[in-house]
Amino acid sequence: MSGVVTGDAVVLGLQPARLPSRALALLIDLVVVWAAYLLISVGLAVATASLDEAAVMAVSIATFLLVLVGAPIAVETLTHGRSLGKAACGLRVVRDDGGPIRFRHALVRGAMGVVEILMTFGVVACIASLVSARGRRIGDVFAGTLVVRERVPAARATAVPPPPPWLVGRFTQLDLSAVPDDLWLAIRQYLTRMRQLDPQVGRELAERLADDLVARTGTPPPAGVPAADYLAGVVSERQAREARRAFSPAGTADGGSAGSGARAVTGLGAGGGAEGAGERSARATGFAPPA
């Protein structure tokens with residue numbers, strides 16, 4: 001991943017496209033462009049058969065510039081950096097700050113592409129892409145652009161292993177409010193990858209995370225419980241609390257605010273006769289009168 005800093009000082013993690021994927025995208029683009037150029041050239045040769053040699057040469061040069069140079073520039077400008085080959089390979093041309101390219105960026109890349117791709121059969125572009133740390137060719141350097149991968153394989157989400165059955169419900173009274181998010185993330189990453197670690201290294205890491213968790217909660221783990229099982233049990237309790245909070249009815253979730261509102265109404269009514277009567281009626285009947 002490459003750290004690209006935007007104009008708002010935000011660091012973007014972009015994966016630059018390397019030479020194999022860029023070469024495949026360029027090959028697809030060249031096949032399409034050259035096929036279109038040959039078809040147009042044949043059609044113009046038939047249409048300009050009655051013209052003199054100078055006119056035919058002028059038409060040929062104009063066709064070359066419009067099809068092999070102008071068409072790629074127009075396509076990259078209109079699609080914001082996605083030609084046919086790049087779309088097929090999951091690539092896109094972006095600015096150095098991660099934003100979409102404009103006409104001037106596509107123009108500089110197309111003009112330099114005539115020299116480093118068409119005239120040298122791509123040798124200069126390949127060498128420049130291999131030397132560059134981010135796989136950029138000379139046209140990208142002059143235009144201030146970067147070719148990045150759009151379709152990055154997503155990492156498979158691994159579920160946290162459940163705790164032993166005899167630990168379920170043992171941490172219901174544990175105060176987890178002081179545990180920071182980065183510690184939860186570290187514990188989750190350890191639990192999802194602990195089977196891939198060396199046993200001794202995994203045991204030491206689990207004990208270190210358990211000590212940090214005990215320092216935040218103030219409650220030591222039960223005697224004889226391994227550190228990994230203790231971490232799994234606490235994470236399971238946290239997930240259970242979040243599930244109850246997410247799926248609890250609205251009335252249950254707002255019970256505290258409703259109770260505080262009733263206490264506020266009662267406090268306001270303590271000074272007046274009607275309000276005092278309403279308060280006594282609420283205590284007698286079990287529900288408060290409407291405010």
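In the predicted model, H105 is in contact with R95, A143 and T145, leaving aside its neighbours within four places in sequence. H105 lies in helix α4, which spans residues 103–118. The relative accessibility of H105 is 4%, and the residue therefore counts as buried, the cut-off being under 20%.

The protein chain as a whole contains twelve helices and four strands. Of its 291 residues, 30% are buried. The chain exposes about 17,900 Å², and carbon and sulfur atoms supply 64% of this area. When contacts between residues at least 6 apart in sequence are considered, 66% of them join residues at least 24 apart.

Helix α1 (residues 19–47) packs with helix α2 (residues 53–78) at an angle of about 155°, and the axes of the two helices are 10 Å apart. Because angles over 145 degrees count as roughly antiparallel, α1 and α2 are assigned to that class. The crossing of α1 and α2 is right-handed. On the α1 side, the contact is made by V33, W34, A36, Y37, I40, S41 and L44; α2 contributes V59, S60, T63, F64, V67, L68 and P72. By residue class, the contact of α1 with α2 comprises eleven nonpolar and three polar residues, with no charged residues.

Two residues other than glycine were noted for their backbone geometry. Most residues other than glycine have a negative phi. H80, by contrast, has a positive phi, near 55°. H80 is found in the loop between α2 and α3, the latter helix covering residues 84–89. With a relative accessibility of 40%, H80 counts as partly exposed. For F121, phi is likewise positive, with a value near 55°. F121 is found in the loop between α4 and α5, where α5 covers residues 123–131. The relative accessible area of F121 is 77%, so the residue is classed as exposed, for which the cut-off is over 50%.

A further position examined was R208, placed in helix α8 (residues 199–217). R208 has a relative accessible area of 48% and is partly exposed. The C-alpha atom of R208 is separated by 8.7 Å from that of A227, a residue 19 positions away along the chain.

How values were computed:
Residues numbered from 1 in each chain as written. Predicted model: local features only at pLDDT ≥ 70, side-chain atom pairs only at ≥ 80, totals over all residues. Heavy atoms only, no water. Buried < 20%, exposed > 50% of the residue type's maximum accessible area, 1.4 Å probe, protein only. Contact = heavy atoms within 4.5 Å. Areas by Shrake-Rupley, 256 points an atom, 1.4 Å probe, with all protein chains shown as cover. Axes fitted to C-alpha atoms, helices over the stretch in contact; angles between N-to-C directions. Parallel < 35°, antiparallel > 145°, perpendicular 65-115°, else oblique. Left-handed = near helix turned anticlockwise from the far one by under 90°. Nonpolar A, V, L, I, M, F, W, Y, C, P; charged D, E, K, R; others polar.
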